[in-house]
Amino acid sequence: GIRAFLLNDQRFENLKGLPGTDWSSAHGINDIGGVAGSSNTASAVRAFRWTRATGAQQLSPLPGDNVSEAFAINRHNEVAGYSSGPKGVEATIWNSIAQIERIGRLASGDQSRGLGINERSEVVGVSGTSRRTRAFRWRRGEGMRDLGTLQGDANSTAYSINNLGQVVGFSEGITGSRGFLWDPDKGMESLGTLAGGLSSRALAINDRGEVVGTSESSLGPRAFLWTRTSGMRDLNELIPEDTDFVLFEAAGINNLGAIVALGRDKDTHGGAHAYHEFSTRVLLLLPLS
């Protein structure tokens, strides 16, 4: 089955998830080893928070709902995610003692999901309808702010927010999607794509403003690292040439520059469909300097 894991000292640790689950998935980790994820229980999918001291703790949905999922966790063990039930899907935040709070929806939306959280308890995610979505930033006492889209686009989603309030995600239109960086002072800017690509998605940002994600390219989907000084770079060009895998997505980056990426074995036979037949590998990339 599918199991959430923690990579600690280069060792996989099975987190198991909630009791009685037949699958679990870990979506976020904080600086002190707390993990946020989801488990399929006997009754429904439920969010959980895992720490070494407590194990997996269920994060219950809003009253009247039956489903919850968790996607991000900060150092205070606050968790961002959503609750779902008869009245739809709504972004939520759980505090350190597992109490749930509604984040709400944008005025133009009938659903929302919380996907990222920083140490200031600011939450980002997506809100909208089945036909139109918008990235949002939520602050306690201020509510939810529509972050808009890149010029000419109709939809956007925010995945990650750093402690400076900078947000990354993607904006989407008829020509494809483009990863964006949103700054509280400068607004939203496109991060572009790798050469030959029409679409990209920015998935994570650290406090140094370094962004990782995935982009289409002339060689297929590739993981990228974006910085203000160097722009968007294919992560495959920053690792040893003799590696036997291709990085197609970078899912996370911390303040030390360590990156979690997904890769597949290289296709040495040139088959048209071989790329999709290779198993996905999880890789930890550590900067040399």
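**Overall fold and the setting of Ser160**

With 289 residues, a compact globule would have a radius of gyration near 19 Å, and the protein has 19 Å, which agrees; this radius is taken over C-alpha atoms, and the globule rule is 2.2 Å times the number of residues to the power 0.38. The model is predicted: local features need pLDDT of at least 70 and side-chain atom pairs count only at pLDDT 80 or more, whereas totals for chains, interfaces and linings use all residues. Residues are numbered from 1 along each chain as its sequence is written, and side-chain values use heavy atoms, with hydrogens and water left out.

The protein contains 25 strands and zero helices (DSSP runs numbered from the N terminus: E, at least two residues, for strands; H or I, at least four, for helices). Along the principal axes, its C-alpha atoms fill a box of roughly 55 × 45 × 35 Å. Of the 289 residues, 53% count as buried, that is, under 20% relative accessible area with a 1.4 Å probe, protein chains only.

Ser160 belongs to strand S15, which covers residues 155-161. Its relative accessible area is 12%, so Ser160 is buried. Beyond its neighbours within four places in sequence, Ser160 is in contact with Val124, Gln166, Val167, Val168, Leu203, Ala204 and Ile205, where contact means heavy atoms within 4.5 Å. For Ile205, the backbone nitrogen lies 3.4 Å from a polar atom of the Ser160 side chain.

How values were computed:
Buried means under 20% relative accessible area, exposed over 50%, partly exposed in between (1.4 Å probe, protein chains only). A polar contact is a pair of N or O atoms within 3.5 Å; within protein, one must be able to donate a hydrogen and the other to accept it, and residues adjacent in sequence count only if both atoms are side-chain atoms.
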